[in-house]
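Open the model in a viewer and keep the selection panel at hand. The stops below are meant to be followed in order.

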Amino acid sequence: MHQLFRQLAKGGGWPTCPEGQTSGLGHEPYLPCPVGWTPSDSATPRDETAAASSPNGSVCLDLSKPRRDCSSGSEGGCQTSYPSQPRQARDEPYFVDITTGNGQQRFYFALRGY
């Protein structure tokens, strides 16, 4: 396993074996957003569609509470914003899915130190 982790840490790929019934290497850098919040790349997305387009985004937005922010002046305009909070990073951001007789299980691990 140490040799495998060293190989992955240097950019190598996850070994494949159809009989092993494992997925390729996955990466989820953040823990899930709280229930009702949506992951996003930006705390100020252009619209709700842009807000919901990033499952690995670094912030969580509450799309149920839009705010309309309008600036004054001739070049002012209105922009929709949402309550936001940063997402918590995973300690073990890499994963593989392994299919067993009991169904599919996801195993998370880290490559720090390899």
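Which residues does Gly57 touch, not counting residues up to four places away in sequence? Select Gly57 together with Tyr30, Pro39, Ser40, Asp41 and Arg87: these are the residues in contact with Gly57, where contact means heavy atoms within 4.5 Å.

Before going further, note that this is a predicted model, in which local features need pLDDT of at least 70, side-chain atom pairs count only at pLDDT 80 or more, and totals for chains, interfaces and linings use all residues. Residues are numbered from 1 along each chain as its sequence is written, and side-chain values use heavy atoms, with hydrogens and water left out.

Stay on Gly57, which sits in the loop between α2 (48–51) and β3 (59–61). Helices (H or I, at least four residues) and strands (E, at least two) are DSSP runs, numbered from the N terminus. Gly57 has a relative accessible area of 0% and is therefore buried; buried means under 20% relative accessible area, exposed over 50%, and partly exposed in between (1.4 Å probe, protein chains only).

**The disulfide**

Next, select Cys33 and Cys60. Their sulfur atoms lie 2.1 Å apart and form a disulfide, defined as a pair of cysteine sulfur atoms within 2.5 Å. The count by this rule is one disulfide. View along the S-S bond: the torsion is about -90°, so the disulfide is left-handed. Both ends are buried, Cys33 with a relative accessible area of 15% and Cys60 with 2%.

**The sheet**

Move to β1, β7 and β8, three strands that form an open antiparallel sheet in the order β1-β7-β8. The edge strands, each pairing on one side only, are β1 (26–27) and β8 (103–109). Two strands pair if DSSP finds at least two bridges between them. Between β1 and β7 (residues 94–100), which run antiparallel, there are two bridges. To see one of them, select Gly26 and its bridge partner in β7, Phe95.

**The salt bridges**

Side chains of opposite charge can pair when their charged atoms come close. Here a salt bridge is a side-chain nitrogen of Lys or Arg within 4 Å of a carboxyl oxygen of Asp or Glu, and the count by this rule comes to four.

Select Glu28 and Arg90, whose side chains form a salt bridge at 3.0 Å, N to O. This pair links distant parts of the chain, with Glu28 in the loop between β1 and β2 (38–40) and Arg90 in the loop between β6 (84–86) and β7, 62 residues apart. Both Glu28 and Arg90 are buried.

Then select Asp97 and Arg106, a salt bridge with an N to O distance of 2.7 Å. Asp97 is buried, with a relative accessible area of 10%, while Arg106 is partly exposed at 38% relative accessibility. Show Glu28, Arg90, Asp97 and Arg106 together: salt bridges that share partners join these residues into one network.

What forms a salt bridge with Lys65? Select Asp62: the closest N and O atoms of Lys65 and Asp62 are 3.7 Å apart. Lys65 is partly exposed at 49% relative accessibility, whereas Asp62 is buried, with a relative accessible area of 7%.
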